[in-house]
Amino acid sequence: MTAFLVVLVIILFGVAIWQMGKIFELSKTKEDNTSEVASDKDNNINGWLMLGFTIFTYALLAICFWKWGNVVLPEAASEHGSEIDTLMFVSMALIFVVGFFTLWLLGYFSFKFRGEKGKQATFFADNDKLEFIWTIIPVIVLAGLIIYGLFTWTDIMNVEEDEDTLIVELYAYQFDWRARYAGDDNTLGEANVRLIEGVNQLGVDASDPNAQDDVVVNELHLPVGRKVLFKMRSQDVLHSAYMPHFRAQMNCVPGMVTQFAFTPITTTEDMRLNDELAAKVKRINNIRRENSQALVAKGEDPLEPYTFDYMLLCNKICGNNHYNMQMKIVVETEEEFNAWMAEQAKLGDVLNPKEIAKN
Amino acid sequence: MSAHAHATDAVDHHDDHGHHHKETFVTKYIFSQDHKMISKQYLITGLFMGIIGIAMSILFRMQLAWPDHQFTIFEVLLGKWGEDGIMDPSVYLALVTIHGTIMVFFVLTAGLSGTFSNLLIPLQIGARDMASGFLNMISYWLFFISSVIMVLSLFVEAGPASAGWTVYPPLSALPQAIPGSGAGMTLWLASMAIFIASSLLGSLNYIVTVLNLRTKGMSMTRLPLTVWAFFVTAIIGVVSFPVLFSAALMLIMDRSFGTSFFLSDIYIAGEVLHNQGGSPVLFEHLFWFLGHPEVYIVILPAMGMVSEIMATNARKPIFGYRAMVASILAIAFLSTIVWGHHMFISGMNPFLGSVFTFTTLLIAIPSAVKSFNWITTIWRGNLQMNPAMLFSIGFVSTFITGGLTGIILGDSALDINVHDTYFVVAHFHLVMGISALYGLFAGVYHWFPKMFEGRMLNKNLGYVHFWVTVIGAYGVFFPMHFIGMAGLPRRYYTNTEFPYFDDLTDVNVVITIFAIITAAVQIVFLYNFIHSMFHGKKGPKNPWKSNTLEWTAEVKHIHGNWDGPIPHVYRWAYDYSKLNKDESDYVIPGQDYAPQHIPLQENEEEMHH
């Protein structure tokens, strides 16, 4: 794979060099070489190269798709995610059609109308009809896109909370995440960084009754098919909770609580069976095996084989270890989730251990 | 031609201005008040900063492509942050931060707009100099001081600013959060504050000059599109830069004087800070109120120059002059009300997100009109493929490919998942980085003879420079969209902590190889630039057979630009290949252009522009 890419780059570079050589060679003829203004020969060569460049642009895009079309994210694992994916597809299709034609016109005209001594250009300064057409077409197309986009956006961002909504606080700090579940009462206890002390890492108000059944964990578990409302907080600087597979992202801002909600629809287990993703994981493991061989040869430990898990990444520059601020996300069935939850310690017990003793 | 006969009746007190007083080395080359010299000072300072900025990008690209590899060059260039050839994470962030700052402000704002506004505004409107040569000189020297401070900040002990070029607090406000937020950040803010002062002085000068010093006959509707672009750019600068200044000032207060504009509820390094009630989102609003118009400050001058160069080299009028002016104005207006599209997921009210999506996608309309008009301009032209023309065509290409992905990022719903990924990096590099650079190169190739007294850049080196650059630039930024859509966040020092991204290593290698090739070929340009400055072939007075007034000015630089009286203007700037009434020949027989200072000919139909 890498070898192929290197070869590809070398070929493309070679083509560039070859083109350069040709320019040099042809422009070194004696006749018109005294001037730094383009001669007919320059016009001709560069006109052809413009045509070639347009084709290069298409070819490069095609190669990117062919080689790397499969690195993009697999289908969305959240309910609203498919809406985003559809909107993305529509926008992309539009971009490709418009891009293809305009680049073709640009490249082809550059070639077709390359200069020649004595040729006469057309004095064409204005045409209201034409300009009206290419003003009104973008207006209509963009109006459609705007309306479509706004409906999707409003749909995603206007959270309607119901009894079944799971409330989870995502807590960001340099350089890790914590998740706090609201517990049986589904209400998060009050919290403020001024209360941070010892084990009370999130600054939860230990005297708040709502906080007693809260659960703080460092691995995010979500039951499939149930809406989750995330309340984001940050302890120090800006962070961004990015969950690419769920098409979800929201900044964590010190001093305020931000929110984002989605419904996971695919469990981790099911996602691992997704064809696209399975193929990707297989490729990744091939790469890791190759790299491991090199490491072992150097006397170092081989890399662990990779199994897919959803992840939460920090996506807002937050300091030196920004590149490694992550949390695993597990989507599982309601039963598995409940079983896992039952094993977790309640915050009340953690913060007020004396009361346990009394009881 | 009869032009001079008509023009000489103008009474002009400055007729032989340049001959009276001898200039010393200091007044001519250092503290010069002459707009032509100041423009060269801007350009050379900008190019110098550009070399630093691009070299930095190569360093961090190498880190991204080969994270496990040890490079001696890291040790040589980065010193204690590159021990054993391994780049330190903090210096990685510093490199991306300073790369962004330098390229956006020092190269593409000052180096592009500063250079060409200074060179072309007086020459193209027919003025002897800027409205205030003194302010103009101050403006350059403030820019120079801010450049020096920015470069010096690279050498402070804890490292330069490293909170990203957007310097969002609290990261940029707290040295506990990242080492670069200590003295490095202080210098960054000082440098930017001075930069803003420089930019404001420059912009006010440009505005006044365009409004007041146009020669007789040069109505606003006869201005070349370059001048329109510089003029509107200056207005945007005056409207938005002061807001950045206030943001910088408030950040300085938060950092040094204990205020809480942007800070609240922070627990860091084991203690709670006293700050209460501020909001980082406020900083984002203030920053992007400049930050977004800033990208148009960068791209509008390039658009103006491309329009001018395309018309000249196509030997055709720019298509839809009025629509071009209208779209410059529309873009300028809209640019000040779209800043929120950088903040869809910042925690601001989602309703605002809807509003900003609406205004953002609106901006695509004037952009589309401009693109179509450029394409129509080359349709049925007689294209003279000079390097400047090639870069102009390249500009339209990258403006289209980069601009189209803006439709995705401007859509709040789609932004959720590509925000702050490499998709954004690819988008803005193509649409404002590479495009503006092409505009800069086009301008340098086209107006080099005007800057260096008739000397021209070597065209063959120009062709090599162009073709390798355009291929390399797409080679860098096309693949980058894909790693963005794979969910790879930007500003990660290495991606090895996520096995999920292991299959992106190849792509990163390809991107880096293209980046190195593209950066390397800029050396060809630098060589050409420096060599031609002293040994370039002297071309004719009007080498590109252009219509605008600068080509009627003296080739040799004299203070006051025109040895005789200032030419008067009788027509717009785009009478290329215009035929006479009976279509038997061009309006000036045998010459396919009619410069602005040529009066209307007999047998010529007047156009109303």
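1. Conventions. Residue numbers start from 1 along each chain as its sequence is written, chains are lettered from A and ligands numbered from 1 in the order in which they are written. As this is a predicted model, local features need pLDDT of at least 70 and side-chain atom pairs count only at pLDDT 80 or more, while totals for chains, interfaces and linings use all residues.

2. Overall shape of chain B. You will find 18 helices and two strands here; helices (H or I, at least four residues) and strands (E, at least two) are DSSP runs, numbered from the N terminus. The radius of gyration of chain B is 25 Å, in agreement with the value near 25 Å for a compact globule of 609 residues. That radius is taken over C-alpha atoms, and the globule rule is 2.2 Å times the number of residues to the power 0.38. Along the principal axes, the C-alpha atoms of chain B fill a box of roughly 85 × 50 × 50 Å.

3. Burial and contacts in chain B. Of its 609 residues, 66% count as buried. A residue is buried if 20 or more other C-beta atoms lie within 10 Å of its own, exposed if 12 or fewer, and partly exposed in between, with C-beta atoms placed from the backbone. Among contacts in chain B with a separation of 6 or more, 80% are between residues 24 or more positions apart; two residues are in contact if their C-beta atoms, placed from the backbone, lie within 7 Å.

4. Chain A beside the globule rule. The secondary structure of chain A comes to nine helices and ten strands. Its radius of gyration is 29 Å, but a compact globule of 359 residues would have one near 21 Å. The C-alpha trace of chain A spans about 105 × 65 × 40 Å along its principal axes. Buried residues are 38% of the 359 in chain A, and 65% of the contacts with a separation of 6 or more join residues 24 or more positions apart.

5. Domains of chain A. An automatic or database domain assignment supplies the bounds: domain 1 covers 2-27 + 38-116 and domain 2 covers 166-270 + 306-349. Their centres, taken over C-alpha atoms, are 43 Å apart. Eight residues from domain 1 of chain A and twelve residues from domain 2 of chain A take part in the contact.

6. The A-B interface. Here 114 residues of chain A are in contact with 118 residues of chain B. On the side of chain A that touches chain B, α4(A) gives the most, with 15 residues. That side has 65 nonpolar, 35 polar and 14 charged residues. In this count Ala, Val, Leu, Ile, Met, Phe, Trp, Tyr, Cys and Pro are nonpolar, Asp, Glu, Lys and Arg are charged, and the others, Gly among them, are polar.

7. Helix α9 of chain B. This helix (residues 280-314) has 35 residues and reaches 50 Å from its first C-alpha to its last, close to the 51 Å expected; the expected span is 1.5 Å times one less than the number of residues. A kink of about 35° is centred on Trp288(B), where the bend is the angle between axes fitted to the seven residues ending there and the seven starting there. Because 31 of its 35 residues are buried, α9(B) is largely enclosed by the rest of the structure. Just after the helix, Arg315(B) takes a positive phi of about 55°.

8. Lys370(B). This lysine sits in helix α12 (residues 364-378) of chain B and counts as buried because it has 23 C-beta neighbours inside 10 Å. Not counting residues up to four places away in sequence, Lys370(B) touches Met303(B), Met324(B) and Ser327(B).

9. Backbone points worth a look. Most residues other than glycine have a negative phi, and most peptide bonds are trans. Gln174(A) and Phe175(A) are joined by a cis peptide bond with omega about -5°, and Pro169(B) and Pro170(B) by another with omega about 0°. Arg247(A), not a glycine, has a positive phi of about 55°; this arginine is in the loop between β6 and β7 of chain A and is buried, with 26 other C-beta atoms within 10 Å. Glu583(B) also has a positive phi, near 55°, but is exposed, with 8 other C-beta atoms within 10 Å.
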